[in-house]
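This report describes selected features of one protein model. Please keep the sequence and the structure in view while reading.

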Amino acid sequence: MLRSPEAVMLFAAGFGTRMRELTRDKPKPMIEVAGQPLVAHALTLAKAVEPARIAANLHYKPEPLKAFLEPENVLLSHEAPAILDTGGGLRHALPLLGDGPVFTMNTDAIWKGPNPLQLARDAWKPEQMDALLVCVPTERTVGRTGSGDFSADAAGRISRGGNLVYGGVQILKTDGLHQIDEQVFSLNVLWNKMAADNRLFALEYPGRWCDVGHPEGITLAEELIAADDV
């Protein structure tokens, strides 16, 4: 049976090393942007699509995140003793998420425009797709340096290299995670398998997006939030 995603996975376990001193005593998702922790901005978008379940993975300095997320009814997936990267972390959290396709969302970006999760849900075609990545053309990114991650053909199928930046939101079928032997691995491993089968797709985001993975991104994100234009 074809299915839409019913769960959201928030990636919140990382060390935030690019944030330098700002993550000395707290995890990156708890850094404030425009008066709210980064994770709160992500959670607002996640709740707006009314999923049955929202989960987050924790590893580095988990207590502040736990204190913030538990009252929000977010299920917590603790990664210990080792951090598991995005692929291993998602597989570890599957008992909380169910066996259908899931949204995954990075917690270190600000989106200005339509809700990227809703756009992905509207564009999701599970008979054709194993994953649908919401991507932003480089000219509509803020705080991003360098080239893009992907390009897409007329049908939206992804290949490596190009002017599309992966924004950190996707819909993903999780079955293939069980076919990977490593315990610690990136979702890139699964994406490569999907791309080889022509089942990895991109959705171009029509708004703007800011990378808040480094200290300078905080000011840029706050300026983007305050801007009148999209």
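## A mixed sheet

Strands β7 and β14 (residues 208-211) are joined by four bridges and run antiparallel. Two strands count as paired if DSSP finds at least two bridges between them. Strands (E, at least two residues) and helices (H or I, at least four residues) are DSSP runs, numbered from the N terminus. Within this pairing, Lys-112 has Arg-208 of β14 as its bridge partner.

The model is predicted: local features need pLDDT of at least 70 and side-chain atom pairs count only at pLDDT 80 or more, while totals for chains, interfaces and linings use all residues. Residues are numbered from 1 along each chain as its sequence is written, and side-chain values use heavy atoms, with hydrogens and water left out.

Three strands make up the open sheet, in the order β7-β14-β9, with mixed pairing. Its edge strands, each pairing on one side only, are β7 (109-112) and β9 (141-142). Helix α6 (residues 216-226) lies across β7, β9 and β14 and runs at about 160° to β14. Such angles run from 0 to 180 degrees between N-to-C directions, and axes are lines fitted to C-alpha atoms, for helices over the stretch in contact.

## Aromatic pairs

The structure holds four aromatic pairs. Rings of Phe, Tyr and Trp (its six-membered ring) pair if their centres lie within 6.5 Å; planes under 30 degrees apart count as stacked, over 60 as edge-to-face and the rest as tilted. The ring centres of Trp-111 and Tyr-205 are 4.8 Å apart and the planes stand at 80°, so this pair is edge-to-face. Because Trp-111 lies in strand β7 and Tyr-205 in the loop between β13 (200-204) and β14, the pair ties together parts that are 94 residues apart in sequence.

Both Trp-111 and Tyr-205 are buried. Buried means under 20% relative accessible area, exposed over 50%, and partly exposed in between (1.4 Å probe, protein chains only).

## Strand β4 and its partners

Strand β4 (residues 53-58) is mostly covered, with five of its six residues buried. Five bridges connect β4 to strand β1 (residues 7-11) in a parallel pairing, where Phe-11 stands opposite Asn-57. Strand β5 (residues 75-78) also runs parallel to β4, joined to β4 by four bridges; here Ala-55 stands opposite Leu-75.

## Helices α1 and α2

The axes of helix α1 (residues 38-48) and helix α2 (residues 62-69) come within 11 Å and cross at roughly 35°. In this contact (heavy atoms within 4.5 Å), Val-39, Ala-40 and Leu-43 of α1 meet Leu-65, Phe-68 and Leu-69 of α2. By class, the contact has six nonpolar, no polar and no charged residues. Ala, Val, Leu, Ile, Met, Phe, Trp, Tyr, Cys and Pro count as nonpolar, Asp, Glu, Lys and Arg as charged, and the others, Gly among them, as polar.

Helix α1 is largely enclosed by the rest of the structure, because eight of its 11 residues are buried. Among them are Leu-38, His-41 and Leu-45. Just after α1, Glu-50 takes a positive phi of about 55°.

## Ala-123

Ala-123 is placed in helix α4 (residues 116-123). With 22% relative accessibility, Ala-123 counts as partly exposed. Apart from neighbours within four places in sequence, Ala-123 is in contact with Met-129, Leu-132 and Leu-203.
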